[in-house]
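Please find below my comments on the model under review. They are set out as numbered points.

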Amino acid sequence: MHLIIAEKNIVAQRIAGLLSEGGRVTAEKDGGVSIYHFGDSVAMGLKGHVVEIDFEEGYTNWRSEVHTPRTLIDAGIVKKATEKKIVALIKKFAKKADLVTIATDYDREGELIGKEAYEIVRSANRDVTVNRAIFSAITKPEIAAAFENPTTVDFDLAAAGEARQEIDLVWGASLTRFISIAAKRGGNNILSVGRVQSPTLGMIVDREKEIEAFVPTPYWMLSVMSEKAGEPFEARHTTGKFWDKAEAKTAEANTKAPLTVTDVKEGVRSDSAPSPFDTTGYIVAAGRLGLSASNAMRIAEELYMNGFISYPRTDNTIYPKSLDLDAILNDLKKSPFKSDVEWTEKNRRAQPTSGKKSSTDHPPIHPAGAANPSMMDEQSWKVYELVVRRFLATLSPDARWKTLKIMFDAGGEEYTSTGQRLEVEGYRHVYGYSQAKEQILPEMSVGDRLPVNKIVLEDKETLPPARYSQSKLIQQMEELGLGTKSTRHDVIGKLVSRRYVEENPLKPTLVGKAVTETLEEYASLITKPDMTQTLERHMEDIKKGDKTKDGVVEESKKMLHRIFDELEANEENIGNEIMDRTAEERIIGKCPICGQSLMLKTSKGMAQFIGCNGYPDCSFNIGLPSAQWGKAIRDDKVCEIHGLNHIRLIRKGSRPWDIGCPLCSHINSNRESLSMMASINEELITKLHNAHIYSVYEIANISKQELCGKTGISEGTAETLIWDAMDVLEILRKRSELKKFVRSVIPPRRGRSHAKVTGAMIEGGIGDIASLADTKKQTLMKMFLSEQEAESLIYQAKCIHNKAFLKSLGIPAVSLKKYMDAGFVSADDFVNAHPAYLSEKTGINIETVYKHTAPVYEARGVKQPAKISKKAFEAGREELLKVRGIGEAMLEKLYFAGITDISALKSANTGELSKTLGISADKLEKIISEI
Ligand SMILES: [Zn+2]
Ligand SMILES: [Zn+2]
């Protein structure tokens, strides 16, 4: 049997399809893992790494006195399976296999993943032949060639990947732990430090410092507006930037009509077709389409796995000879780009364009198969089109521009205008992503005397350097040797998710700056690219077999020890500095009451609020939505009224929720409830707000004296306000009870939220469950409810309301349940039945029933039937059952009518009783006569 192991499930599936030559592929699950049978072969996919490395046991406790962060440097490292099912399945098949092919992606990371699979195979079968298939695209010719000419696992290349993995683990874990402990941070707030991440952040912070330190220099630009034969154009003064205002003013004053043409120079500018895409070039181009680096890579990887484009992680910008460009062009004729392909074939350049970088592992990114928009989502299609058009552009001729430079004289001052016109369209015919525009000037010749319609002197300022965009940063990282084509976009993603940087272009956060600048001060090796560059070079050496993994890892550990010498000597300073600088990120402004700092705080659990640093002397605070809605962070915007920073809630995987100024939001959300107070008016609200009292809750819980003292209102008004506030709180409590109840009974439906239903109820005067129980169903049916829903809502409201009422009359909950289960759900039900009947139906002792129902009769203003003892009741029951024609069923009906013994039956009004019993008067009289 031939076992094929691919890097991902989808790749395994495609490989099986391509190798089966159109034969049958059977897909099934084995141990929860998808596998693909064809002929004598089985293909299965990994999930990238199926094992991970971690420190040996004993290093998980951050507070350990023995295992300090530094000890992590030399701690033993163990491998653990992360995908146990897949590992087990590889072993199972390896035992039966007589050939295993590793078909993971071909690069440092892919080779390491392949080596991991190799080791699992070997652990189960020491003798089976294991080979390696190398391909750059998951297409028929590539896959067929790779399996016809397999090679072996490249252990040097895998070792380079392993070295990176170990070094990153050791650096990241030990430094992150050290810095976090020093700054007293834990849980979700740890400060991560990493080998590639920290120097990258360093670049962003450095750029921000340049921007902050930048002092703009003023300069002036002079130009004239003129026209030739009705066509307007602009000419600029040849000085360009005037750094001296007086000089610019003089030139402006000298400028006089006519504007005389002194020279016309024509020229051509060649516009080279772009070179093939490597990873960085691709990310930059995708960035212009609005894709972030990590999105661009994610989409490219999907396109690769589906066989639409070649492997997107490559440093190569030169098509290898082996790549069949004609075949790709031919294939693309099946796509919607047919006419562009045909144009390219007709105009094809002698040699495809090429860049400076050549590597042997993968060709530049190119289309691998024809596709159409129905095969993918819109964004993927945009990326696919970009790759196709870029490929066509690399085979197309250069474009050519005709340029025009005209010189003018105006009163002795020299002006110039330039224009350009696309003369040969070249590659631009198929690649329209460039922004270069035509600039057409009217036809002019030497000696033309033209008018000066306007002289424009503009005030300008030099601009600070721009922040890095994601793609610009990736280019810069590549130049500095930070990370690899496979990791750079991930590193940036991590900086964003760890809240070290924000926005695009990238800007460091307060924490990002604090950590970087503190590290720069004490251990600049961590934030500078040099050390990481050295390690990347060493990994190249491992790949070539010039250095060993262990040697390189040891060397990096020595470097790390030197860093720790510095760090440990300054631990307290480092911690204090970071804490001082990051405290600011929680300050949102000044307390309106006492003037101290207002801080973002979290209490136990998920509660978040804004509290005053003057606590407990000052108790001013503003509640915020619980952390389950997102972690509250400070935004840079400041409220114009309150001077407080805006608040934003951020949660992984959802859009941030902008709360805005927390005090404005607090005031607005409480305004409605304040206005519910009977005695409130705008003047009083203003007085309350001036005293920083914003909510009904605060008014209900303040003393009369304090309220007078703070607001200056009279005692009488204060007292009324407090009573009103308590009433409103009660109304709000009942409303929230009502809302909860409606939510529990009425199923949600599109277009009819619970808020809509309860909103209509409250507007219609239904403010609690009791009034809902008294509502007619017709009324509810006007409030987005069906007849059935209205009925069920009223019935259940009645149950709840009656239950609460009966409970308030002292009937214990256990008994109440028995009554209700037997169908006695309201006070009326209790009063309309005789206690004996209640006892009979519920099994509750009759004397207890008398006790329970007494207050119900009283509340209904009805007289309770005369008491009978249990003994008398039993005796009466026995007598009655002896009478012919009276059985258990009839007995129940008699009890219901209040008849508990023979004498009562004899003296009953037969006319009325026969109705209650549901038998004819004749029959009843016959029964009585039998006694
Ligand atoms: Zn305060
Ligand atoms: Zn505000």
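1. What share of the contacts in the protein chain with a separation of 6 or more comes from residues 24 or more positions apart? The share is 66%, where a contact means heavy atoms within 4.5 Å.

2. This is a predicted model, in which local features need pLDDT of at least 70 and side-chain atom pairs count only at pLDDT 80 or more, while totals for chains, interfaces and linings use all residues. Residues are numbered from 1 along each chain as its sequence is written, chains are lettered from A and ligands numbered from 1 in the order in which they are written, and side-chain values use heavy atoms, with hydrogens and water left out.

3. The C-alpha atoms of the protein chain occupy a box of roughly 135 × 85 × 70 Å along the principal axes. Of its 931 residues, 46% count as buried, that is, under 20% relative accessible area, with exposed meaning over 50% and partly exposed in between (1.4 Å probe, protein chains only).

4. The zinc ion (ligand 2) is coordinated at 2.1 to 2.3 Å by C639 (SG), H642 (ND1), C661 (SG) and C664 (SG); donors are N, O and S atoms within 2.8 Å of the metal (3.2 Å for Na, K and Ca). Along the chain, the donors of this zinc ion are spaced as C-x2-H-x18-C-x2-C.

5. The site of the zinc ion (ligand 2) is tetrahedral, with angles of 106 to 112 degrees among its 4 donor atoms; for four donors, the term requires all angles to lie between 85 and 135 degrees.

6. C639 is buried, at 8% relative accessible area, whereas H642 is partly exposed, at 26%.

Methods. Four donors count as tetrahedral if all angles lie between 85 and 135 degrees; four count as square planar and six as octahedral if opposite donors are over 155 degrees apart and all others between 65 and 115; anything else is irregular.
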